Amino acid sequence: MKKMKQKLFSTALVTSLVFAGLPALHSNAASNLRPGFDPKKVGGKLVRSSFSDAVSLTPLNSSDSASIDIMARIFDALVNTNDKGAPVPDLATSWKYDKKSLTYTFTLRKGVKWHDGVPFTAQDVKFSYDVYMNPKAHNNYSALFDAIKSTSAPNDYTFIIKLKEKDVLFLENSAAGIPIFSKHQYKNGVDDYNNSNKIHRNPIGTGPFKFNSWKTNERIVIDANKDYFAGRPYLDQIITKVLPDANVEALNLINGDIDFVQSITPGLKSQVAKDKNVQMKAYDQGRFDFVGFNEATKPFNNENFRKALAYGLDRKAIVSKVMLGNAYLASGPMHPKIPQNNPDVKALPYDVNKAMDYLGKAGYKKKGDTLYDPDGKPVTLEFAYNNGNKVRQTIALVAQQNWAKLGIKVTPRAYEWSIFLDKYAKGELDCFVLGWSGYDANVDHYQFFHSSGIPTKENPGLSNRNRVNDPNIDRMLEQYKQEEDRNKRIKIYQALHKYMSDHETLIWTYHPKSTMAFNKDLSGIKTSLGTIWYNVEDWYWKNPSKHK
């Protein structure tokens, strides 16, 4: 969720090798044209790929990148962020903060309409925030609204938020990128937000693209909003085509059946590079990939057991042989290109002897080729990954081979993405491989690691699905949101980085160095650390008539 464009949207579970976001929007609504707008660039459709279908297109109702990639095109937020992570106007043209009363007052943009023609007002903003704050709402990012005491809309173009506690990153994390949805579409309020499949599959926003159609497990189509307040996108249409795996994705690109792949699997880069009609572009993104587990259950609630698995997994080999060097070896959740990264923290080495030592401390014993738990039962694990992701499938096989040396029998298991997410939310997976993506130098990992984000029966979609429950981690995450001095905030997260590495909260694997691939006629692409979709409204075809 950052830019909801980058932030809703800034932090999401990744189906393939990336996440999504949108660009910073311009504020020249009077001309209805972006600065430098060139009408000759208008036209054509873009076909992009996804390993997985979306789950829901209702804002914050899902946290997977397949859903968020689409939502981020359809909805706007109060505030956006630029390529430096600084807040800029979106649906709010300006804002002011009263430090004494902890109150934000937003002045809203006039003349904006929902995609169905209904005028946008402050009542829509209040309704959106009130739903997000409702404890009954299935909001996967509810922790972002914990600091809010009340909301009000004294008139159609003023929206006020009062905080109950100081949150120095509130504007960046809880206003920038938080999608505003239409009150008139949700006639039954929270019940519609939670349960209306018709709304989940037919969203109405104010954003640069309008929802067109969704054919399950096949494609989702969105059209340019020609009346968009910041100027229409150059592209007429974006089609997201659901493909089974990376090999099919690459073949479709080479054959010209799709135009854009946001991350080419390392093993396929050389093959794709041979195509004279395809261009490739390397980029970094704020993301960490990891092997996770349900830490509320045995044996993963035992730190020594987690450390044993970490020492027993050859992560350098994953970077060199699976990612073919296209990644930074991870020592924690902080990307090496953000200041919150602690450069003194090093990734644990691959060391089978140390792994066995930690298993011994946890009460495990190896007899022959089999590891036995303290109750004398053989240790077996299922290693889950999302179907179609060849990189994660290979990591599962590496874990199977590596952990066999510890006496652990590992069974790799692929799940269709929606089933994977459901089991992940319910804590039904032994261990699994995932990525969390979209953050930049405004990183806030509160929702992913704070104990308040552990899924509940009332809100099963909360983001701390690894069930991390550590008072020291909670304390540092809370301090980070309270500290006004940015340099001190950075040091808090550097300390958090070290603590989470020392305690191997998760098994940190890598931060990917991704490579997008696209038709050579596609131009105007820029990225930021937070999102590959930073300026998608400015993407254009050199010859639009060729791509109708």
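Arg48 and Asp69 form a salt bridge, with the closest N and O atoms 3.0 Å apart. A salt bridge here is a side-chain nitrogen of Lys or Arg within 4 Å of a carboxyl oxygen of Asp or Glu. Arg48 lies in strand E2 (residues 45-50) and Asp69 in helix H1 (residues 65-74), so the pair ties together parts that are 21 residues apart in sequence. Helices (H or I, at least four residues) and strands (E, at least two) are DSSP runs, numbered from the N terminus.

This is a predicted model, in which local features need pLDDT of at least 70 and side-chain atom pairs count only at pLDDT 80 or more, while totals for chains, interfaces and linings use all residues. Residues are numbered from 1 along each chain as its sequence is written, and side-chain values use heavy atoms, with hydrogens and water left out.

**Around Arg48**

- Arg48 is buried, at 3% relative accessible area.
- Asp69 is buried too, at 4%. Buried means under 20% relative accessible area, exposed over 50%, and partly exposed in between (1.4 Å probe, protein chains only).
- The two side chains also make a polar contact at 3.0 Å. That term covers a pair of N or O atoms within 3.5 Å; within protein, one must be able to donate a hydrogen and the other to accept it, and residues adjacent in sequence count only if both atoms are side-chain atoms.
- Leaving aside neighbours within four places in sequence, Arg48 is in contact with Asp69, Ile70, Ile238, Ile239, Thr240, Lys241, Phe260, Gln262 and Trp533. Contact means heavy atoms within 4.5 Å.

**Other salt bridges**

- The whole structure holds 18 salt bridges.
- Glu484 and Lys99 join through their side chains at 3.1 Å, N to O. This pair links distant parts of the chain, 385 residues apart. Glu484 sits in the loop between helix H14 (471-482) and helix H15 (486-502). Lys99 sits in the loop between strand E5 (92-98) and strand E6 (103-108).
- Glu484 is partly exposed, at 41% relative accessible area, whereas Lys99 is exposed, at 55%.
- A network of salt bridges links Lys99, Lys166 and Glu484.
- Lys423 bridges to Glu428, with the closest N and O atoms 3.7 Å apart. Lys423 is partly exposed at 22% relative accessibility. Glu428 is partly exposed at 45%.

**The four-stranded sheet**

- An open sheet of four strands runs in the order E5-E6-E8-E7, with antiparallel pairing. Two strands pair if DSSP finds at least two bridges between them.
- E5 and strand E7 (148-155) stand at the edges with a single partner strand each, so one side of each has no neighbour in the sheet.
- From one strand to the next, the twist averages 15 degrees.
- Six bridges join the antiparallel strands E5 and E6. Asp98 has Thr103, in E6, as its bridge partner.
- Helix H2 (residues 122-133) packs on this sheet and touches E6, E7 and strand E8 (158-163). The directions of H2 and E7 make about 165 degrees. Axes are lines fitted to C-alpha atoms, for helices over the stretch in contact, and angles run from 0 to 180 degrees between N-to-C directions.

**Annotated span**

- UniProt, in an unreviewed entry, places the feature "domain: Solute-binding protein family" at residues 87-447. UniProt positions follow the numbering used here, feature names are shortened, and annotations may be inferred rather than shown by experiment.
- The end C-alpha atoms of residues 87-447 lie 20 Å apart. The span is 27% helix and 26% strand.
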